[in-house]
Amino acid sequence: MQRIINDPDQLVEDMLPGFLEANKEIVHRSEANPRTVVSNFCGGEPRVGIVTGGGSGHWPAFIGYCGQNMVDAVAVGEIFSSPTAKAFEQCVAEADQGKGVAILYGNYAGDNMNVKMAMRKAKKAGIEVERVVANDDVASASKDEPDKRRGVAGEVFMWKCGGAKAAMGGSLEEVIACAQKAIDNTRSIGIGLAPCTIPSNGKPNFSIEPGTMEVGIGHHGEPGVRVEPLKDARGMADEMVEAVCADVPFGEGDEVALLISGLGATPVMEQYILAARVFDDLRDRGISVYRSYVGNYFTSLEMNGITLTLMRLDDELKECIDMPVRTPALVQQ
Amino acid sequence: MAETIRNEGSAGVALALCEAIHESKDRLSEIDGATGDGDHGVNMNKGFMLAKDRIDVGGSLSDALETIGDTLVDDIGGSMGPIYGTFFDTIADDLDGVAEIGAPEFGEALADAAEALMDLAGAKPGDKTLVDTIMPARDAFNEAEAAGKGFADCLSAMSEGAERGWKSTEGMQAKLGRAARLGERSIGHLDAGATSCYVILSTLAKEISARL
């Protein structure tokens, strides 16, 4: 294992100062909690506060989306491990501008518990707080068990839409409804080619045999739905589009936002090779792509693999997805 | 043998818990490595060592347990922070202000803690989690108490129940937590959380008994 680190147990502590200084025009660290990152744009004209958080190792999730018109405060966890309830609690305090706070995060056991505890404390402190739990990964559980599905790259759309709604002056109820609608209309699937290694563990957290690929891989190496002989990019794209489209279902006449993300070690060039076929496949199905994002939007350390996310749009979600944002990871004019 | 221990001055029980987790660190990580991230021992040790430094050595048991609970919630995160944090905070709340802790007080605190933990984690018996250690432990304690046994016997029944429950996780398929993603492949491995829960409950039993 050759990595650019100092101490394998201090990755998050060692990363944050670099991130914060490089992006000091957009974000800063909370004075009350070293694991709470706050947008410099939070605190102008009062609006609903947007909070998220999760384990580290998924750059640009989660801190990379903290900024103007997107997320106001982010709770930072250890590698692949939920932030503390206290960090979420501080996020709520920082993001609160008197109009309520929406916590928008992914469906993982640790995050659910810590958010739940933070919400209890925030409510006691008199802050109005609600949550939306992303569950866009179609491979993580069957359609009949949406509560068991994990949140993956679709969370980016949830933050984008929730943040936009708040920026438009929406009430907490409207922001929550919009973020919920965004994630309800979003589906994702991943394919894994090679595992990642958490430096403090020192060994890969799972294995994928040469010549095979794992369809439905999770963001922490959670096993997918099946292991198959490795296909070319076209074959992968066809399979991913089918899995995602069959689930909502997306169909002829739909307009979608498209997000393709590498899992960390995947060259962006290869992501565009896959994207080319995805565009063809969607055209064949009569689905038009309103806006697309291709790049490393939600990764898993140095895992090799790729995810596909589609969000079905209506007028409201289109307006949200078009909203300009300025964050360390995403700048949209 | 006395039937109660004094709450005041019994912080040593909590310190012994921290020590027991510290000593189990490598074993917990090893067990976790078979089905999870392999960081359970490291995380638990981090939390309990932080707590140990914050415990008032001459203080009450309830205050010391609250220090452990608050440290786990505030500084550890993940799944284990809120789960064990809630467990210890609930026991501490129940015992707060109780001068002499006997079987009825401890039994009630244990039952409340088990309840709070299940409510937070959403885990049921058979899911291959620490609930599978704590529920048989709680039941064994209650049965012993109902049968009119003394506090020491109730505690030793709790310890035996915990051990039985912990060992039963080896044959279970994980339904919750990261190991759940392994499905059938999780069978044949002990659950790491159930293991640390056994360490905690058996240490509690031993240390309280020693002070009766």
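**Entry 1: helix 7 of chain A**

I started with what covers the buried residues of helix 7 of chain A, and the cover includes helix 6 (233–247), strand 10 (255–262), strand 11 (288–295) and strand 12 (304–312) of chain A. For cover I counted contacts, where two residues are in contact if their C-beta atoms, placed from the backbone, lie within 7 Å. Helices (H or I, at least four residues) and strands (E, at least two) are DSSP runs, numbered from the N terminus.

A note on the model before going on. It is a predicted model, in which local features need pLDDT of at least 70 and side-chain atom pairs count only at pLDDT 80 or more, while totals for chains, interfaces and linings use all residues. Residues are numbered from 1 along each chain as its sequence is written, and chains are lettered from A and ligands numbered from 1 in the order in which they are written.

Which residues of helix 7 of chain A are buried? I found A:Gln271, A:Leu274, A:Ala275, A:Val278 and A:Leu282. A residue is buried if 20 or more other C-beta atoms lie within 10 Å of its own, exposed if 12 or fewer, and partly exposed in between, with C-beta atoms placed from the backbone. On the face turned away from the buried side I noted the exposed residues A:Met269, A:Ala276, A:Arg283 and A:Asp284.

I also checked the length of helix 7 (residues 268–284) of chain A: at 1.5 Å a residue its 17 residues should span 24 Å, and its end C-alpha atoms are 24 Å apart, which agrees. The expected span is 1.5 Å times one less than the number of residues. After helix 7 of chain A comes A:Gly286, with a positive phi near 75°.

**Entry 2: the sheet beside that helix**

Next I traced an open sheet of six strands in chain A, with the order 9-8-7-12-10-11 and mixed pairing. Two strands pair if DSSP finds at least two bridges between them. Strand 9 (226–229) and strand 11 of chain A stand at the edges with a single partner strand each, so one side of each is left without a neighbour in the sheet. On average, neighbouring strands of this sheet are turned by 20° against each other, direction ignored. Strand 10 and strand 12 of chain A run antiparallel and are joined by seven bridges; in strand 12, A:Leu308 is the bridge partner of A:Ile260.

Helix 6 of chain A packs on this sheet, touching strand 7 (186–194), strand 8 (212–215) and strand 12 of chain A, and its direction makes about 150° with that of strand 7. For such angles, axes are lines fitted to C-alpha atoms, for helices over the stretch in contact, and angles run from 0 to 180 degrees between N-to-C directions.

**Entry 3: the other sheet of six strands**

I then followed the open sheet of chain A with six strands in the order 1-2-4-3-5-6, again with mixed pairing. Its edges are strand 1 (27–29) and strand 6 (129–134) of chain A. The twist averages 25° from one strand to the next.

Is strand 3 of chain A enclosed or open? Eight of its eight residues are buried, so it is largely enclosed by the rest of the structure. Strand 3 pairs in the parallel sense with strand 5 of chain A over three bridges, and with strand 4 of chain A over five bridges. Strand 1 and strand 2 (residues 36–39) of chain A run antiparallel, joined by three bridges.

**Entry 4: where chain A meets chain B**

How many residues does each chain give to the contact? I noted 22 residues from chain A and 19 residues from chain B. Helix 3 (109–124) of chain A is among the elements that supply at least two residues of the side of chain A that touches chain B, and it gives the largest share, six residues.

**Entry 5: a helix pair in chain B**

Last, I looked at helix 6 (residues 131–146) and helix 8 (residues 192–210) of chain B, whose axes come within 7 Å and cross at roughly 35°. B:Ile134 and B:Cys197 are among the residues that make the contact. B:Ile134 counts as buried, with 31 C-beta neighbours inside 10 Å.
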